[in-house]
Amino acid sequence: MSRIGKHPIIIPQGVTVSANKGIVTVKGKLGELTQKVDPDISIKIQDNTIVLERPTEQKRHKALHGMYRSLVSNMIKGVHEGYRIQQEIVGVGYKAAFKGQQLDLVVGFSHHIIIELPKEVKLETKTEKGSNPMVILQSADKQLIGQVAAKIRSMRAPEPYKGKGIKFFGEQLRKKAGKTAATAAK
């Protein structure tokens, strides 16, 4: 069996899961998520656990088994606890502000960058004196929040010499030595 796929998923209190014709629906206090599951993978909901099973030991079925188990598990965690991603904006004069579902970034270009966010993602910005501005994203959908965070980061990815740009909070950047370090070594 798949190492990931064989583990049962425990349904926490306050979360309801239903599987109907290959579509899994998960409802909780933070929202409702649906996922279409391949017809070869069977879903059994018993008491407070979900077990996914595959029909054969084919490589394709093994891959689908583990993937769908992870997707369903992430949906349950999302509607119960939610997901949160923090991004740090590093650079002199770099700023972030939000108005409704629009994120306004000032990251060294001659113009503001405005990003329209999906309604499922909650946005917050934090600017404290003496620290870098932060963008905080919250959502029940792990795939969506990851995609939005990657899009924001792509607007100004951290450069390797000074580290200026948009990075994930706590991310360790590998900085390159500049020209002066190369000439000093000779």
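**A buried arginine**

R69 touches I4, G5, H7, P8, I9 and L52, leaving out residues up to four places away in sequence. Keep in mind that this is a predicted model.

- You will find R69 in helix α1, which covers residues 59-80.
- R69 is buried but has no salt bridge. The nearest side chain of opposite charge belongs to E53, 12 Å away.
- A polar atom of the R69 side chain does lie 3.4 Å from the backbone oxygen of I4, and I4 is also one of the residues R69 touches.

*Q87, a buried glutamine*
- Q87 sits in strand β7 (residues 83-90).
- With a relative accessible area of 0%, Q87 counts as buried, because the cut-off for that class is under 20%.
- The Q87 side chain reaches the backbone oxygen of A149 at 2.8 Å.
- Beyond its neighbours within four places in sequence, Q87 is in contact with a set of residues including P133, M134, A149, R153 and F169.

*Salt bridges*
- The count of salt bridges comes to eight.
- E53 is partly exposed at 29% relative accessibility, and K44 is partly exposed at 36%.
- R153, one of the contacts of Q87, forms a salt bridge with E171, with the closest N and O atoms 2.7 Å apart. This pair links distant parts of the chain, 18 residues apart: R153 is in helix α2 (residues 142-154), while E171 is in the loop between β13 (165-168) and α3 (179-184).
- R153 is partly exposed, with a relative accessible area of 22%, and E171 is partly exposed at 22% as well.
- K119 and E120 meet in a salt bridge at 3.4 Å, N to O. Here K119 is exposed at 70% relative accessible area, whereas E120 is partly exposed at 43%.
- A network of salt bridges links D38, D40 and R60.

*A three-stranded sheet*
- Three strands form an open sheet in the order β8-β9-β10, and their pairing is antiparallel.
- β8 (95-99) and β10 (113-116) each have a single partner strand, so one side of each is left without a neighbour in the sheet.
- From one strand to the next, the twist averages 20°.
- Five bridges join β8 to β9 (residues 102-106) in the antiparallel sense, and A96 stands opposite L105 in β9.

Technical notes
Residues numbered from 1 in each chain as written. Predicted model: local features only at pLDDT ≥ 70, side-chain atom pairs only at ≥ 80, totals over all residues. Heavy atoms only, no water. Pairing = 2+ DSSP bridges. Helix = DSSP H or I, 4+ residues; strand = E, 2+ residues; numbered from the N terminus. Axes fitted to C-alpha atoms, helices over the stretch in contact; angles between N-to-C directions. Buried < 20%, exposed > 50% of the residue type's maximum accessible area, 1.4 Å probe, protein only. Lys, Arg positive; Asp, Glu negative; His and termini not counted. Salt bridge = Lys/Arg side-chain N within 4 Å of Asp/Glu carboxyl O. Polar contact = N/O pair within 3.5 Å; in protein donor to acceptor, adjacent residues only side chain to side chain. Contact = heavy atoms within 4.5 Å.
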